Every structure is written in C-alpha cells, then in structure tokens.
Amino acid sequence: MASSKEYFSFISEQLSGVEGITYRAMMGEYIIYCQGKVIGGIYDDRFLIKPTPAAKKLMPEAAFELPYDGAKEMLAVDCVDDREALCRLIPAVAAQLPDPKPKKKSDGTKL
C-alpha cells in the first residue's frame with residue numbers, strides 16, 4: 001500500500017519549522033532528508049526514522065517497525081502531532097548520521 005498524499009502533506013506541514021528538510025517520492029512512498037541526510041521516510045502512512053541514539057532517547061516508547069519487507073527496522077515517530085517535539089527530534093537524528101557520500105560522475109571522478 002502506498003502512502004497517501006494527505007498524510008505526506010500533514011507530515012510535511014508538521015516539519016515545516018525544521019531547516020533543511022527535503023523530500024523525494026519513491027515507489028509510492030516518501031524519503032525524508034534533513035541537511036542532505038536520509039533521516040527516514042513515510043511508508044504506508046507511517047512516519048519512520050532511523051534509530052539513532054538521539055531518536056531512542058527522545059522517543060523511548062517508540063516501536064520498531066519495518067518500512068517494507070527486507071528493510072532494516074526503523075522507529076515509528078510517536079509525536080507526529082507535536083511540532084515542537086519534531087523540531088527537536090529531526091535535527092538531533094540528522095546530527096548523528098554520517099554525511100552523504102559525494103556523488104561521482106559517470107567517469108568515476110567526484111562532482
């Protein structure tokens with residue numbers, strides 16, 4: 001089941017106060033980036049994020065869920081209605097993720 005545009009719109013509105021948020025639609029779901037880092041996504045109308053130490057600390061009761069078959073478990077965001085909590089959570093998660101690897105041109109050199 002793909003995520004609905006209504007749920008995507010709700011989450012994107014909730015995250016509107018977080019700097020550096022971008023999205024990419026992919027196979028009926030949405031990948032969410034913060035400062036160029038993949039922090040999570042919207043899968044089957046569920047907002048899931050990578051289980052960093054900060055995420056576990058800020059959402060100690062959050063459930064681990066699979067975004068899709070064969071994927072690594074992620075944390076279900078349990079505070080989607082709380083913009084202030086999201087504005088603390090998302091940058092904290094991004095800060096603990098590695099920087100994205102530089103993209104390479106077709107000849108193998110870095111861009």
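## Around Ile49

Setting aside neighbours within four places in sequence, Ile49 is in contact (heavy atoms within 4.5 Å) with Ile39, Gly40, Ala55, Met59, Met74, Leu75, Val77, Leu89, Ile90 and Val93. The model is predicted, so to speak of local features takes pLDDT of at least 70 and side-chain atom pairs count only at pLDDT 80 or more, while totals for chains, interfaces and linings use all residues. Residues are numbered from 1 along each chain as its sequence is written, and side-chain values use heavy atoms, with hydrogens and water left out.

## Nonpolar cores

A nonpolar core here is a set of buried Ala, Val, Leu, Ile, Met, Phe, Trp, Tyr and Cys residues joined through side-chain atoms within 4.5 Å; buried means under 20% relative accessible area with a 1.4 Å probe, protein chains only. The largest has 27 residues, and Ile49 is among those with the most contacts inside it, along with Ile39, Phe47, Val77, Leu89 and Ile90. At least two residues each come from α1 (5–14), β2 (29–34), β3, β4 and α3 (83–95), and α3 gives the most, with six. Another core, of six residues, lies apart and includes Ile31, Leu48, Met74 and Ala76.

## The sheet

Helices (H or I, at least four residues) and strands (E, at least two) are DSSP runs, numbered from the N terminus. Six strands form an open antiparallel sheet in the order β1-β2-β3-β4-β6-β5, where pairing requires at least two DSSP bridges. Because β1 (21–26) and β5 (64–65) stand at the edges with a single partner strand each, one side of each has no neighbour in the sheet.

Six bridges join β1 to β2, with Met26 opposite Glu29. Their hairpin has two residues between the strands, and Met27 in the turn has a positive phi of about 50 degrees.

Key. Buried < 20%, exposed > 50% of the residue type's maximum accessible area, 1.4 Å probe, protein only.
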